[in-house]
Amino acid sequence: MSDTLLQGTAQGGELRLAGGGAWVAQNASALETLIDSETARQEKLSQVAIDMNGVERLDTFGAWLLERLVRAFKARGCETKITGLKQDYRALMDELHAVKPEQGPLRKSGGPTAVLAAVGQSIASIGKSLTAFLNMLGELSVVLVRVIGRPRSFRFTSLVHQLDNVGWRAVPIILLITFLIGCIIAQQGIFHFRRFGADIYVVDMVGILVLRELGVLIVAIMVAGRSGSAYTAELGSMKMREEIDALRTMGFDPIEVLVLPRILALIIGVPILTFLGSMAALYGGGLVCWLYGGIDPEIFLQRLKEAITIDHFKVGMIKAPFMALIVGLVACVEGMAVKGSAESLGLQTTASVVESIFLVIVLDGFFAIFFAAVGM
Amino acid sequence: MAGKNGKENGKNGKETVIEVRGVTVGFGEHVVLNAIDLDVYRGEILGFVGGSGAGKSVLMRTIIGLLPKRAGSIKVLGVDMAAAADEERAAIERRWGVLFQQGALFSSLSVRENLQFPVRENLDLSQRLMDELVVAKLEMVGLDASVCNKFPSELSGGMTKRVALARALALDPEIVFLDEPTSGLDPIGAGEFDTLIATLQRTLGLTVFMVTHDLDSLHTVCDRIAVLADGKVIAAGTMTDMLASQHPWLHAYFHGSRSRAGQALAKPPV
């Protein structure tokens, strides 16, 4: 079929081209090859006659290729004529004839400088997100002071709603996950400690690990993935749809209306979840000790009482609101940074989760140093 | 080949490209379209009007298969869309283009990639040809090559509509559905868009199904107008028929205060 689309015969200085078939999108690829091979002819040509009588159909694809053919020969200084073009297609050809030849490169060029630029931009963006983070913290403090001055302006309904979302509704999944983590730690501990006959120390390990570190970390990571991403997506899509601008024009401060209740909800919710999570993990640990390790619940509790002090519990609980603050701040900063596109929303949500988990772990490290220094 | 299987219409000898028969669409208790009949003929620009919430967009979305219908049949280019096999339906879908009200450009792709997306998925063309065609299509809709690398969020409302129109035309469709193409444009921009649609319709031989509220568009570019009210097509005909109609809703619509300017400008139809 493709050989009938365009046939060329060169005679003397004249090239006769006869088109045929359907010059439409489906045949555009084949037609392009034919046209390029015609324009690549080495002979010296002065006249080109294109006979379009045989062409049954022509769409933009075919018409553009015809136009490209004409332009290529004109550029070589040939006199080019089109004959037999159906009346219906004249307007289309005129339209395409008016298309200006490409000016300059259409694509942004890549290359080594682009790589360097990308590296520079990503380093600059780290600085930028740090400033944005501090900015948000500052704004939040200002708003908090203002709200304490005028408590009636505080959005209590919003706080309760958010608390329901990030606290109450998170309880089942948090309980389940921390319970399982407690079980796993206890099982691993018993399995390895048994070789030294030190089974009973599993209780110390589970108690201290869960209360000091794991309870709060697991909860913070879960909350970052569950609620932090939701905050970013909510605020981001509100930003995309200009809802945040609308709030601003009505004289509301989006930080006060949207961000403060969300972050406060986390600061209230995460310690509660941490407490519940720690209890579930201890329960799981105790259950495994009993069923797998043969340590009676009675003995487990006795041992736990001796192993842990109130300090271990306090360390975990003190960390919780700070973790919540970090997760909330990062989520809101990233949400506010969303630009017009759906892709940007996705990017910022990813960044929100990754950054908050990273910062939660870094913060946990600093707390470890701090508590070691104060002897807790 | 195109449309050979379409039905000839006895009344004026034109081929029917979209045939809607007894289509009922509802959401829950609420019936939006009640046994609608509508024909769209090849090569015409049909303006589809009706009050806000009357279901104009609903019918358009039902025809293009985005909403399910409760009853009736829809034939596009002679193919019953409900009965068609998947490949057949896909083949028909490649023969229409849709301009959504908000443009619906893919926000993570640049203008060039937006225009090349349908081409890349359906045809096997060289990158050079696709790049050249993007420029050609952009110029056809009155933009220049400089918008190629922009992203949809960087475009103005009018440009978005034009790029969206260029994307709707990317595969050289036979039918184009336009959902309120001139809404949100200033009168000059809207006028230019109307002219553009008329020009493209002429040069590409398109059939245009246009949902609109713009009386000026109806006056200047539409060959025929169909009016939707109370879940029925209450009238279909030329502007003259509409102006002559005594139906109270039509009278209010075409003789209301906002239509005066349009009427004054419109040349008396021949």
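Chain B holds ten helices and eleven strands. Both are DSSP runs numbered from the N terminus: helices are H or I with at least four residues, strands are E with at least two. This is a predicted model, in which local features need pLDDT of at least 70, side-chain atom pairs count only at pLDDT 80 or more, and totals for chains, interfaces and linings use all residues. Residues are numbered from 1 along each chain as its sequence is written, while chains are lettered from A and ligands numbered from 1 in the order in which they are written.

Of the 270 residues of chain B, 43% count as buried. Buried means that 20 or more other C-beta atoms, placed from the backbone, lie within 10 Å of the residue's own; 12 or fewer makes a residue exposed, and anything in between partly exposed. Two residues are in contact if their C-beta atoms, placed from the backbone, lie within 7 Å. Among contacts in chain B with a separation of 6 or more, 66% join residues 24 or more positions apart.

Now take helix 4 of chain B, residues 127-140. Its 14 residues reach 20 Å from first C-alpha to last, close to the 20 Å expected at 1.5 Å a residue. The expected span is 1.5 Å times one less than the number of residues. Buried residues in this helix include B:L129, B:E132, B:L133 and B:K137. What do the buried residues of helix 4 pack against? Within chain B, the partners are helix 3 (111-122), helix 5 (157-168) and helix 6 (187-204). From chain A come helix 1 (28-39), helix 2 (60-75) and helix 3 (87-97). After helix 4 of chain B comes B:G142, with a positive phi near 85 degrees.

Next, the interface. Here 26 residues of chain A are in contact with 26 residues of chain B. On the chain A side, helix 1, helix 2, helix 3 and helix 12 (342-374) each supply at least two residues. Helix 3 of chain A gives the largest share, five residues. The chain A side divides into eleven nonpolar, five polar and ten charged residues. Ala, Val, Leu, Ile, Met, Phe, Trp, Tyr, Cys and Pro count as nonpolar, Asp, Glu, Lys and Arg as charged, and the others, Gly among them, as polar.

Finally, strands of chain B. Strands pair if DSSP finds at least two bridges between them. Strand 2 (residues 15-27) and strand 5 (residues 71-76) pair in the antiparallel sense over five bridges. B:T24 stands opposite B:A71 in strand 5. Strand 5 also pairs with strand 6 (residues 79-80), antiparallel over two bridges. There B:V76 stands opposite B:V79. These two strands form a hairpin with two residues between them, and B:L77 in the turn has a positive phi of about 50 degrees.
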